[in-house]
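Biologist: I am new to this structure and would like to understand the grounds for each word used about it. Could you take me through them?

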Amino acid sequence: MKSERNKLLALLGTTHSLNHSLFVIAPPLLTIIMNDLQVSKFVIGTVGTASSFIYGAGALVGGPIGDKIGEIKTITLCLAFAGLSSFLMFLAGNVLIYALSLVLMAAWASLYHPAANSLLSKVFHENTGEAMGFHGMGGTLGVMLTPTIAWFIGRYLGWQFAFILFGFLSLLLALILLKNIKGIFDSKHLYEVKFFEIFQIPELWRILIFNIAVGLFMKGIEYFFPLYLKESKHVDPMWASVAYTLVLASGVPGQWVGGKTSDIFGSRKVLIATSAGVLLGLLSLQFLPFQFLAIPLFLALYGISFYGHQPALNSLTGAISPEKARGTAYGAFFFTSFGIGSVSQSLAGFLADNYGLETAFHMLTLFATAALVLSFFLPKTDKMARKEV
């Protein structure tokens with residue numbers, strides 16, 4: 001059974017990578033896409049907001065689906081149809097078709113996280129934080145290469161082909177997952193979940209509010225960071241894409257450290273430390289006078305801290321959630337960061353068009369400050385008795 005669990009963790013890590021890859025293709029190609037589609041930063045930011053909101057909102061559906069039909073079936077559907085949706089990019093001669101393709105990819109991809117996190121918390125119930133960390137590492141190892149690969153494909157073959165490559169890989173992985181894991185780990189006891197009853201857990205509300213603040217800085221930074229380096233720091237577009245890749249690469253040690261330390265010290269302490277690291281990274285990027293110091297400090301501090309918070313927060317959410325509604329709880333959790341947080345992409349685009357990207361990043365820094373303050377109000381221990389819905 002241990003070998004089957006390890007196989008599951010490896011496949012979910014790869015799936016996690018491709019799931020996020022679909023949404024880090026566009027940032028290094030924004031200049032090319034905007035020129036090709038003849039749109040402004042505000043318009044492209046609004047498209048990003050729409051797809052991100054769907055990506056988050058869909059988790060509210062994906063969680064209950066996973067609880068009802070089983071996590072593996074849900075993840076396979078997610079991979080297959082998100083991959084197929086990318087092929088619409090062949091027809092993306094205007095921003096409407098581009099937006100439709102992104103929204104469809106986001107809708108199907110949104111099913112993944114609540115199902116995967118629910119499954120991991122059930123299969124690895126003794127070392128949940130470490131398992132979440134390895135799952136995140138697997139995702140980060142693959143996705144950190146995506147911006148650079150996407151930039152080269154987009155530059156020399158056309159930006160549509162960058163999306164289609166990762167869509168094809170998603171389809172291929174759906175077949176592999178179906179062949180190797182089908183039925184082994186799907187929940188043996190599936191439940192009819194009353195959605196709103198999970199919100200009777202007070203500790204969950206504290207996590208969700210904190211996660212909104214995380215989403216509000218995360219989505220704006222994720223979308224506009226390469227463009228910020230190009231326009232505000234005068235970094236060559238290729239090196240801006242490489243820098244974005246390095247942020248993701250910093251997440252590999254971050255995921256491992258965050259998962260391991262949350263099992264040892266408790267998630268709340270890890271979340272306070274990582275929230276402080278995120279804020280210091282943003283302040284370094286914007287206010288240190290020397291780029292050769294400011295940018296590397298941001299890459300290390302933000303990358304390790306942001307990705308380090310994920311396994312800790314996932315573990316904490318699982319600890320306070322009843323097993324029969326675990327997917328539903330993770331769906332609500334994911335919606336707060338990726339759904340509500342998606343608003344920051346449109347806000348950042350508006351501020352960038354009217355006041356410059358520096359002002360947009362000041363706003364994102366304020367959200368990171370709010371996250372640090374809120375981290376002190378998170379539940380103090382992972383060893384809480386799980387409430388039953």
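Biologist: Why is Asn-94 called partly exposed?

Modeller: The model is a predicted one, and in it Asn-94 has a relative accessible area of 37%. Buried would need a value under 20% and exposed a value over 50%, so Asn-94, at 37%, is called partly exposed. The residue sits in the loop between helix H5 (71–85) and helix H6 (95–109).

Biologist: What makes Gln-38 count as exposed?

Modeller: Its relative accessibility is 67%, and since exposed means over 50%, Gln-38 counts as exposed. Gln-38 has its place in the loop between helix H2 (30–37) and helix H3 (41–57), and its phi is near 60°, which is a positive value in a residue other than glycine.

Biologist: How do you know that His-234 counts as exposed?

Modeller: The reasoning sets 66% relative accessibility for His-234 against the cut-off of over 50%, and therefore His-234 counts as exposed. This residue is found in the loop between helix H11 (202–232) and helix H12 (237–265), and phi of His-234 is likewise a positive value near 60° in a residue other than glycine.

Biologist: Why does Trp-151 count as buried?

Modeller: Trp-151 has 12% relative accessibility, and because buried means under 20%, Trp-151 counts as buried. It lies in helix H9, where the buried residues are Thr-146, Pro-147, Ala-150, Trp-151, Ile-153 and Gly-154. Just after H9 comes Gly-158, which takes a positive phi of about 120°.

Biologist: What is Trp-151 in contact with, leaving aside its neighbours within four places in sequence?

Modeller: With those neighbours left aside, Trp-151 is in contact with Pro-28, Leu-29, Pro-237, Met-238 and Ser-241. Pro-28 is 123 residues away from Trp-151 along the chain, yet their C-alpha atoms are separated by 5.9 Å.

Biologist: What makes Asn-314 buried or exposed?

Modeller: The value for Asn-314 is 11% relative accessibility, and as this falls under 20%, Asn-314 counts as buried. Asn-314 has its place in helix H14, and, not counting residues up to four places away in sequence, it touches Asn-117, Met-132, Tyr-330 and Phe-333.

Biologist: How many cavities of 30 Å³ or more are there?

Modeller: The count comes to four. The largest cavity holds about 490 Å³ of space, and its lining consists of 33 residues, of which His-20, Met-218, Phe-306, Gln-310 and Phe-338 lie nearest its centre.

Biologist: Which elements each supply at least two residues of that lining, and where does the largest share come from?

Modeller: Helix H1 (2–21), helix H7 (112–123), helix H8 (128–143), H11, H12, helix H14 (291–320) and helix H15 (326–339) each supply at least two residues, and the largest share, seven residues, comes from H14. By class, the lining of the largest cavity has 18 nonpolar, 14 polar and one charged residues.

Biologist: What lines the second largest cavity?

Modeller: The second largest cavity, with a volume of about 80 Å³, is lined by residues including Leu-22, Phe-23, Lys-219, Glu-222 and Tyr-223. H3 and H11 are the elements that give two or more residues to the lining of the second largest cavity, and by class that lining has five nonpolar, four polar and two charged residues.

Biologist: How do you know that the radius of gyration of the chain agrees with a compact globule?

Modeller: For 389 residues a compact globule would have a radius of gyration near 21 Å, and the chain has 19 Å, so the value agrees. The C-alpha trace spans about 55 × 45 × 35 Å along its principal axes, and buried residues make up 61% of the 389 residues. The secondary structure of the chain comes to 17 helices and zero strands.

Biologist: What share of contacts between residues at least 6 apart in sequence joins residues at least 24 apart?

Modeller: That share is 86% in the chain. As for its surface, the chain exposes about 15,200 Å², and carbon and sulfur atoms supply 70% of it.

Note on methods
Residues numbered from 1 in each chain as written. Predicted model: local features only at pLDDT ≥ 70, side-chain atom pairs only at ≥ 80, totals over all residues. Heavy atoms only, no water. Helix = DSSP H or I, 4+ residues; strand = E, 2+ residues; numbered from the N terminus. Buried < 20%, exposed > 50% of the residue type's maximum accessible area, 1.4 Å probe, protein only. 1 Å grid on protein atoms, 1.4 Å probe; cavity = no way out; pocket = protein on both sides within 12 Å on 5 of 7 lines; lining within 4 Å. Points joined across faces, edges and corners; volume = space filled by probe spheres on them. Nonpolar A, V, L, I, M, F, W, Y, C, P; charged D, E, K, R; others polar. Contact = heavy atoms within 4.5 Å. Rg over C-alpha atoms; globule rule 2.2 N^0.38 Å. Areas by Shrake-Rupley, 256 points an atom, 1.4 Å probe, with all protein chains shown as cover.
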